[in-house]
Amino acid sequence: MSSAATVEFAHVAKRYPGREEYAIRDLSFTVPAGEVCVLVGPSGCGKTTAMRLVNRMIELTSGDILLDGQSILGRDEAQLRREIGYAIQQVGLFPHVNVGDNIATVPRLLGWDKPRIRARIEELLELVGLEPEMRRRYPAQLSGGQRQRVGVARALAADPPLMLMDEPFGAIDPITRARLQDEFLRLQTEIRKTVLFVTHDIDEAIKMGDRIAVLRHGGELAQFATPGELLMHPADEFVEQFVGADRALKRLALTRVRDLELRVLMSEHDRNGHVRIAADESVRDALAKLLQSGRQEGIVVDADGSERGVISIDLISRSLENPA
Amino acid sequence: MIIAQTVIPNFGGGPNSCVRENRGFCLSWVQDNWNSVLWPAVRQHIELTAIAVVIGFVIAFGLALLAHRRRGFETPITVSTGVLYTIPSLALFQILVGFSFLGLNRLTVEIALVSYTLLILFRNTLEGLRGVPAEVREAALGMGLTRRQILTRVELPLALPAIVAGLRIATVTVISLATVAAFIDDEGLGSPIFRAIQSNVFKTELFAAGGLAVILALLADAALVLAQRLVTPWARRQRA
């Protein structure tokens, strides 16, 4: 089993029996191994359906889906699913077994021996930031955020080359949600899985995705692009409307201050009067601080406190015209 | 029927003055007849109940699995077990005795008792299986459990509280009904009760056997509650 798989949708279509219109129509795109691809769109656009076609929770009508070049169609359904991590919004932890046994579900199906399963549970609990003692807790004894973490750990248990995540942070309060998103992004830099991530929230899509597939009603692909491209060049009016009127601000949120070409710090700058902005903040946050300070310029500082340069509202505005 | 001979009480007099003088409830009679009358009746009663509940559960469980897999079976099974459940017990015993291949024996009694357990056990088992949250089933399917694995590893364990709740009702119902069964087959705690009713004088047996039936029901219920706690430790854990 490779650590990450390429996923290719090839002219995938789905029409439910007895229905006139297609739920998914001629969907084609390729997710490179190790990338997070977010399926996003208004409710009813078929994004969850598209995701569930991959592990054959729903059977496709025509076309094919290839994992590392191999069609899913000839595969035994249960075997296929054991090789694909699956995490859903409601988590669906088994209430009658403890956290450790929940995580062990797929490894047991695959016939791993006990010491290996035990070691894997410990490894995963640490990976998702839970104490080792949590393995003995029952799901009813966990908070919502802890349940989500266990759900992700369970989906990762057998080290699947592909993860399917259906609004995994959808039912969580905004603060915990942002933290879980950050944690998952940090986790992803370590594990480098291919991830298909479904959400209806364009902000989450921009934050989580290496690539974003925007679907419109009828399961048609409106645009498949990186977050930057999507915000800079929406393919059509639908995408433009869907990403929102504040797409310039969203683009700023994607860039870090340190990635801008900062102006050189001059001696005439009044160091006490200017707001100080950390180099790893997003440009959007930097702009907010500048506007708040009432000045045109601010001083950018590194984590160790050394001054790196000067950022200005003018410079930010020009960065939108000529993206780095 | 041979066993039934031993429970015919001896209250014709003998050495027991309380009985001879018919002074109401005679504790001394209970003591004198515990080994010869009451304890055998209790044992028979437990046998009658256990056989009925076990067979009833096996049938109802199979029917519930069938209805769980194919929804179309639910209504016919509910209606037919519901009809069995509503027939008055004495009438059902009479009807069964009317069949030539059955007679005044234990088989007839058990058929009647089993038929009263079916509706309760079927409904509770099916509700338990259906009560599994949709997202739990969805996650199980998505992780690659087969339908059989979902049934044995997820649905049945989660249905246990509902199944045990059904067993409790069924068991208590059968313990109570089995006393009426002595009308057909002279055994169990119903036997001393019928004797006492027929004699119209001697009430000690009636109270003793009736009381024992109540105690038996309470003990069986408590045992099932205890068993459920042992097999469903997760159900008691609340959020810390």
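In this predicted model, buried residues account for 40% of the 324 residues of chain A. The secondary structure of chain A comprises 13 helices and 13 strands, and the C-alpha trace of the chain spans about 70 × 50 × 30 Å along its principal axes. Of the contacts in chain A between residues at least 6 apart in sequence, 66% join residues at least 24 apart.

Strand 6 of chain A, residues 84–88, illustrates the buried part of this chain. Five of its five residues are buried, so the strand is largely enclosed by the rest of the structure. In a regular strand, side chains alternate between the two faces of the sheet. For strand 6 of chain A, both faces are covered: A:Ile84, A:Tyr86 and A:Ile88 are buried on one side, and A:Gly85 and A:Ala87 are buried on the other. Strand 6 is joined by five bridges to strand 7 of chain A, residues 162–166, and the two strands run parallel. Within this pairing, A:Ile84 is placed opposite A:Leu162 of strand 7.

The description now turns to the contact between the chains. Chain A contributes 20 residues to it and chain B contributes 18 residues. On the chain B side, the elements that supply two or more residues are helix 7 (134–142) and helix 8 (147–180). Helix 7 of chain B gives the most to this side, with six residues. By residue class, the side of chain B that touches chain A consists of ten nonpolar, four polar and four charged residues.

Helix 8 of chain B also packs against helix 10 of chain B, residues 204–231, at an angle of about 165 degrees and with the axes 10 Å apart. Angles over 145 degrees count as roughly antiparallel, and these two helices are therefore roughly antiparallel to each other. Helix 8 passes helix 10 in a right-handed crossing. The residues that make the contact include B:Leu160, B:Val164, B:Leu167 and B:Ile175 of helix 8, together with B:Leu216, B:Ala220, B:Leu224 and B:Val231 of helix 10. The residues of this contact divide into 13 nonpolar, four polar and two charged.

Elsewhere in chain B, B:Val19 lies in helix 2, residues 17–20. B:Val19 has 23 C-beta neighbours inside 10 Å and therefore counts as buried, the threshold being 20 or more. Between B:Val19 and B:Thr75 there is a separation of 56 residues in sequence and, C-alpha to C-alpha, of 54 Å in space.

Conventions. Residues are numbered from 1 along each chain as its sequence is written. Chains are lettered from A and ligands numbered from 1 in the order in which they are written. This is a predicted model: local features need pLDDT of at least 70, side-chain atom pairs count only at pLDDT 80 or more; totals for chains, interfaces and linings use all residues. A residue is buried if 20 or more other C-beta atoms lie within 10 Å of its own, exposed if 12 or fewer, and partly exposed in between; C-beta atoms are placed from the backbone. Helices (H or I, at least four residues) and strands (E, at least two) are DSSP runs, numbered from the N terminus. Two strands pair if DSSP finds at least two bridges between them. Two residues are in contact if their C-beta atoms, placed from the backbone, lie within 7 Å. Ala, Val, Leu, Ile, Met, Phe, Trp, Tyr, Cys and Pro count as nonpolar, Asp, Glu, Lys and Arg as charged, and the others, Gly among them, as polar. Axes are lines fitted to C-alpha atoms, for helices over the stretch in contact, and angles run from 0 to 180 degrees between N-to-C directions. Angles under 35 degrees count as roughly parallel, over 145 as roughly antiparallel, 65 to 115 as roughly perpendicular and the rest as oblique. A crossing is left-handed if the near helix is turned anticlockwise from the far one by less than a right angle, and right-handed if clockwise.
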